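Here is a brief report on a metal site and some charged side-chain pairs. Keep the 3D view open as you read.

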Amino acid sequence: MRIVMLGAPGAGKGTQATKISKKFGIPHISTGDILRSEINKGTEMGLKAKEYVESGKLVPDELIIDIIEDFIKDDSIKEGFIMDGFPRNIAQAKKFIKMIDKNDLSLDKVVNIVVDYDEVIKRLGSRRICVQCRKITSIDESQDGRCPECGGKLVKREDDREEVIRERLNVYEEQTRPLIEYYKNRGILVNIQGNGTEEEVTERILNNL
Ligand code: ADP
Ligand code: ZN
């Protein structure tokens, strides 16, 4: 199964992609996670990406395309994949279609998680990440400020600050939202209501795959 996740920042793409990836045993490819990891390691790619990621702008397409090209060639995606954070604009989507075409593959579904703006802003403001197990959680679910799963320390993502959140939402509106129409026209888009519990949203997605 080859799936692309779409949705505004904070819609729950990462959380749901993790679950679906486990359920079907297919790799979850999060371009945001890859970039953050490269930034932490201080690699050449990380250095190039840092200022974009931390200010909420898209990193240049070439950089992302290089990452994705490596994955598409990898054996681990034989059974499928779930993309989270890519493609993020029309140019990336067009490149992506060419890439997978060349490998005789096609996309099965594009899952668009729909959540309203007030909710997204609230979620991103209270979002925390566990430094130990990488679980995405929120201050409301933390236990004494610690990860509910493993007790690890929780941190706020650099780009979950208010000014950066606003910029990410602008970028989403201008560059990423047009992908909804793009994939709708290809007949592979499913819209999923993103409100409710994590489990409810997962259930809705599974019913539509
Ligand atoms: P969110 O969806 O919550 O905004 P992500 O973790 O998907 O967060 O992405 C974080 C940041 O990484 C983006 O704001 C952007 O700077 C960069 N990024 C991730 N994926 C891409 C992409 N496909 N193209 C360009 N930049 C990207
Ligand atoms: Zn944890």
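A salt bridge here means a side-chain nitrogen of Lys or Arg within 4 Å of a carboxyl oxygen of Asp or Glu. By that rule, the side chains of glutamate 167 and lysine 57 form a salt bridge, at 3.8 Å from N to O. Glutamate 167 sits in helix α7 (residues 162-176) and lysine 57 in the loop between α3 (44-55) and α4 (61-73), so the pair ties together parts 110 residues apart in sequence. This is a predicted model.

The whole structure holds 18 salt bridges. One of them joins glutamate 199 and lysine 19. That pair links distant parts of the chain: glutamate 199 is in helix α9 (residues 198-208), lysine 19 in helix α1 (residues 13-24), 180 residues apart. Glutamate 199 is exposed, with a relative accessible area of 52%. Lysine 19 is partly exposed, at 25%.

| Salt bridge | N to O distance |
|---|---|
| Glutamate 199 – lysine 19 | 3.4 Å |
| Glutamate 167 – lysine 57 | 3.8 Å |
| Arginine 177 – glutamate 173 | 2.9 Å |

Salt bridges also link Arg127, Arg157, Asp159, Asp160 and Arg168 in a network.

Now the metal. Cys130, Cys133, Cys147 and Cys150 coordinate the zinc ion (ligand 2) through their SG atoms, at 2.3 to 2.4 Å. Why is the arrangement tetrahedral? The four donor atoms subtend angles of 100 to 115 degrees, and four donors count as tetrahedral if all angles lie between 85 and 135 degrees. The donor residues are spaced C-x2-C-x13-C-x2-C in sequence. Cysteine 130 is buried, at 0% relative accessibility. Cysteine 147 is buried too, at 2%.

How values were computed. Residues are numbered from 1 along each chain as its sequence is written. Chains are lettered from A and ligands numbered from 1 in the order in which they are written. This is a predicted model: local features need pLDDT of at least 70, side-chain atom pairs count only at pLDDT 80 or more; totals for chains, interfaces and linings use all residues. Side-chain values use heavy atoms; hydrogens and water are left out. Donors are N, O and S atoms within 2.8 Å of the metal (3.2 Å for Na, K and Ca); water is not among the atoms, so sites may look incomplete. Four donors count as tetrahedral if all angles lie between 85 and 135 degrees; four count as square planar and six as octahedral if opposite donors are over 155 degrees apart and all others between 65 and 115; anything else is irregular. Buried means under 20% relative accessible area, exposed over 50%, partly exposed in between (1.4 Å probe, protein chains only). Helices (H or I, at least four residues) and strands (E, at least two) are DSSP runs, numbered from the N terminus.
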